[in-house]
Structures are given as structure tokens and as C-alpha cells.
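This report walks through one structure, from a charged side chain to the core and then the loops. Keep the model open while reading.

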Amino acid sequence: MAQFGRAFFIALALLFWGAGFSGEEGRAWAEPPSETPVDSKEESLAEAEMPEAWRPLAERLEADGFARAWLESVFSRPELRYTPLYMGWKVRELLGQAGRGVSLAIGPEDGAFSPPDYRSLLGSMSAASCRNFLAKNRRLFDGAYKRYKVPPAFVLAVLLAETGVGGNLGERPAMEALAGLALCDTLDKARPALRDLKLSPVQEAELQSVVAEKSAWAYGELAALLRYAQKLGQNPAEIPGSIYGAIGLCQFMPSNIEAYGVDADGDGLANVFKLGDAVYSVARYLAEHGWRKAQTDKARLAVLRSYNHSDEYAALVYGTAMQIIAPLRLGGKSKDGSPLSVSSQAVKDHMPPQNSKIPPLKLGSYQDVK
């Protein structure tokens with residue numbers, strides 16, 4: 001593992017303390033942006049026409065129960081633009097060419113997608129800073145551990161890997177990504193983003209069905225995002241996300257918020273843009289994907305891989321968590337003799353018994369995790 005840096009933690013700490021976050025269970029860390037007050041600018045947006053590219057998708061959503069007037073106002077937002085780049089990225093990823101310059105296939109004005117940089121996000125806080133963060137938010141992480149039995153260090157490592165604990169929530173609207181994927185339901189529609197690729201007849205045939213499948217998946221996630229935005233009272237076009245539509249500190253897909261989101265502060269909403277709700281939601285997801293039964297390194301890596309289907313991701317998150325944990329193995333008591341907190345006891349319970357110092361994991365050792 002690369003040495004953790006300190007710069008991000010300083011910025012993150014200033015953000016937390018400046019916002020007045022006290023570390024109490026479920027207290028809001030990052031409130032979602034509120035609706036813009038109705039003014040002349042908002043009225044002009046409401047009068048804007050929905051681009052024709054979105055119309056077939058809006059009509060389908062209307063048939064599925066969404067109000068036409070609301071859809072018209074949402075799809076007319078200038079933040080949204082249709083592009084086949086999102087499906088082009090998915091196709092390249094499936095072909096093992098995710099690192100190539102997708103934007104060059106259409107034009108530099110469309111921007112470029114980069115592979116997720118998990119190492120950079122995980123390196124944005126030192127191990128010591130992570131432990132300090134857990135200590136400052138002990139009540140929150142203790143509460144999540146008591147309920148789901150997922151060690152706090154692993155929950156924090158996931159939040160670091162996904163967004164740097166909120167430092168990188170995405171540069172484009174999640175709705176744009178999901179709507180673009182949903183509209184791009186044939187390989188031909190994705191070709192503008194694939195002009196530099198030479199596909200064999202076998203690849204063409206396989207990708208035709210894969211693109212249709214991914215488009216259908218994206219439509220379901222788009223509908224879930226719209227429902228979630230309505231619950232939050234948020235314009236969906238203003239919710240940032242990943243290139244596949246994952247949102248919040250924990251980067252949940254919208255359907256996963258419906259399935260695993262937790263309302264930790266009791267305000268009636270599982271808001272993944274709040275630290276408390278995100279911590280509980282990550283813990284619940286891992287718990288319900290087998291963490292409690294995972295008694296070996298390989299089994300725990302498999303659970304982490306269910307969160308993000310990447311061997312590298314699972315190994316990096318696991319290694320980060322273990323670097324946070326290692327100094328806490330103190331035999332049940334702190335250095336001053338006082339009992340360990342639930343958080344410390346939790347990580348102690350999951351330490352391999354033979355080693356008190358855990359070396360960084362080598363990615364090559366975990367390529368068999370499926």
C-alpha cells in the first residue's frame with residue numbers, strides 16, 4: 001500500500017468542523033442542496049423545452065407513473081445532456097479497454113472518463129488520521145457496529161475508497177449517466193463513442209445483448225433515482241454521481257438505497273449524503289452480503305467484492321482497513337488501562353490471532369476472489 005497522505009484529512013477536518021458536525025449518531029454531515037427558490041431564473045428554466053433526445057425516455061417514465069409536467073421540467077434542465085459516452089465507457093470496460101480515451105471518439109468538448117482511482121482516494125487520509133476520525137465519531141460507528149457487527153475500520157475504508165468520505169461525489173449528474181445509458185439500448189446507438197474500436201463479428205453479437213441488458217438495468221436505476229429525489233425534495237438533475245449513476249458518500253446505486261439504505265438519525269429518510277446514514281447503510285449492506293459468516297480473509301474479501309465488483313478494490317479496502325486496525329490490538333484495554341470502546345473491540349475481534357502487525361496486502365494474492 002502507498003503511504004497515506006495528510007493533505008486531504010486537513011481539508012476534510014476543516015469541512016467537518018466548519019460544518020459543526022459533533023460526531024453524534026446520525027447527525028448530518030453533508031446536507032443535500034436545497035431546492036432553488038422560485039425566481040425569474042427558475043421560471044425561465046420551467047419554460048425551457050425538453051430536448052427531443054429525452055422525449056422517448058420521458059414518455060416511458062410517464063407510462064410508469066411519473067407526472068408528465070414534472071418530467072418535462074426535470075428533463076429540460078440545462079445540466080442534462082444526452083451522450084453515448086456512458087454506454088461507450090461500459091462497452092470499453094467489458095472489452096478490457098477502460099483506460100482508453102473515450103472522448104476522442106466524439107470530441108474533446110464532451111470530456112473524458114478516467115478509471116476509478118481507488119488508491120488515490122484511499123491514500124487521502126493517513127492510518128492515524130483514520131483512527132482519529134473513528135475516535136471523533138465513536139458514537140456513530142459504535143452504533144453501526146452494535147447493530148450490524150461490521151468493524152468500523154472496514155466501513156470507513158469503504159467510504160474512503162468510494163468518495164474520500166464525501167470529497168469526490170462525482171462531477172456530472174447521476175441522472176444524466178443513467179438516462180444516457182437507458183436511452184442507448186442498441187450497439188448502434190453507442191457506436192459514436194466506439195469509432196476507434198474494431199469489433200469482431202463475435203464481439204458484435206455478444207455486445208448487442210449486453211448493451212440491451214445494461215440499458216434495461218439503467219432504466220430501472222433511473223426510475224429509482226427519480227423516486228429517491230422526490231423523497232428528498234431534491235431536483236434529480238442536481239444530484240451528482242458516478243459515471244454509472246451511483247450517489248452519496250457510499251456511492252450506492254439508487255435501487256440499493258431502497259434495499260439497504262438506513263435512516264440513522266430518524267428523520268424519515270435514508271440520506272446517503274449524510275455521514276450517519278451512509279455509515280449505517282454501508283454496514284447494513286456488508287452485513288446482508290455475508291460479513292457475519294465471513295471467517296477468513298478470502299471470505300471477507302469476497303464480501304467487499306460484492307460492494308464493487310473488482311478484485312483490486314476489495315484488496316485495497318481490506319488492506320486499508322487492516323492498517324487502521326493493527327495499532328488497536330491492545331489485548332482488550334487501552335494503553336492507559338481503560339476498557340476498549342466497542343469500535344476498538346470490534347476491530348480486535350477481527351484481527352488474525354497470529355500477528356499484531358499487519359503488512360500491506362499484495363493484490364496478486366487475491367485474484368482468485370470471485
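Glu 221 lies in helix 12. Helices (H or I, at least four residues) and strands (E, at least two) are DSSP runs, numbered from the N terminus. The model is predicted: local features need pLDDT of at least 70, side-chain atom pairs count only at pLDDT 80 or more, and totals for chains, interfaces and linings use all residues. Residues are numbered from 1 along each chain as its sequence is written, and side-chain values use heavy atoms, with hydrogens and water left out.

Glu 221 is buried yet has no salt bridge. Buried means under 20% relative accessible area, exposed over 50%, partly exposed in between (1.4 Å probe, protein chains only). A salt bridge needs a side-chain nitrogen of Lys or Arg within 4 Å of a carboxyl oxygen of Asp or Glu. The nearest side chain of opposite charge is Arg 227, 7.7 Å away. Lys and Arg count as positive, Asp and Glu as negative; His and the chain ends are not counted.

What does the side chain of Glu 221 join in a polar contact? The partner is the side chain of Ser 255, at 2.5 Å. Such a contact is a pair of N or O atoms within 3.5 Å; within protein, one must be able to donate a hydrogen and the other to accept it, and residues adjacent in sequence count only if both atoms are side-chain atoms. Beyond four places in sequence, Glu 221 touches Leu 178, Met 253, Pro 254 and Ser 255. Contact means heavy atoms within 4.5 Å.

## The nonpolar core

The largest nonpolar core has 95 residues. Such a core is a set of buried Ala, Val, Leu, Ile, Met, Phe, Trp, Tyr and Cys residues joined through side-chain atoms within 4.5 Å. Leu 57, Leu 61, Phe 75 and Leu 159 touch the most other members. Helix 12 (residues 201-232) gives the most to this core, with 11 residues.

Leaving aside neighbours within four places in sequence, Leu 61 contacts Phe 66, Leu 71, Phe 75, Tyr 219, Leu 222, Ala 223 and Leu 226.

## Helix 9

Gly 164 follows helix 9, with a positive phi near 65 degrees.

## Two loop residues with positive phi

Lys 149 is not a glycine, yet its phi is positive, about 60 degrees. Lys 149 sits in the loop between helix 8 (138-148) and helix 9. At 37% relative accessibility, Lys 149 counts as partly exposed.

Gln 251 also has a positive phi, near 50 degrees. Its place is the loop between strand 2 (240-241) and helix 13 (254-260). Gln 251 is buried, at 12% relative accessible area.
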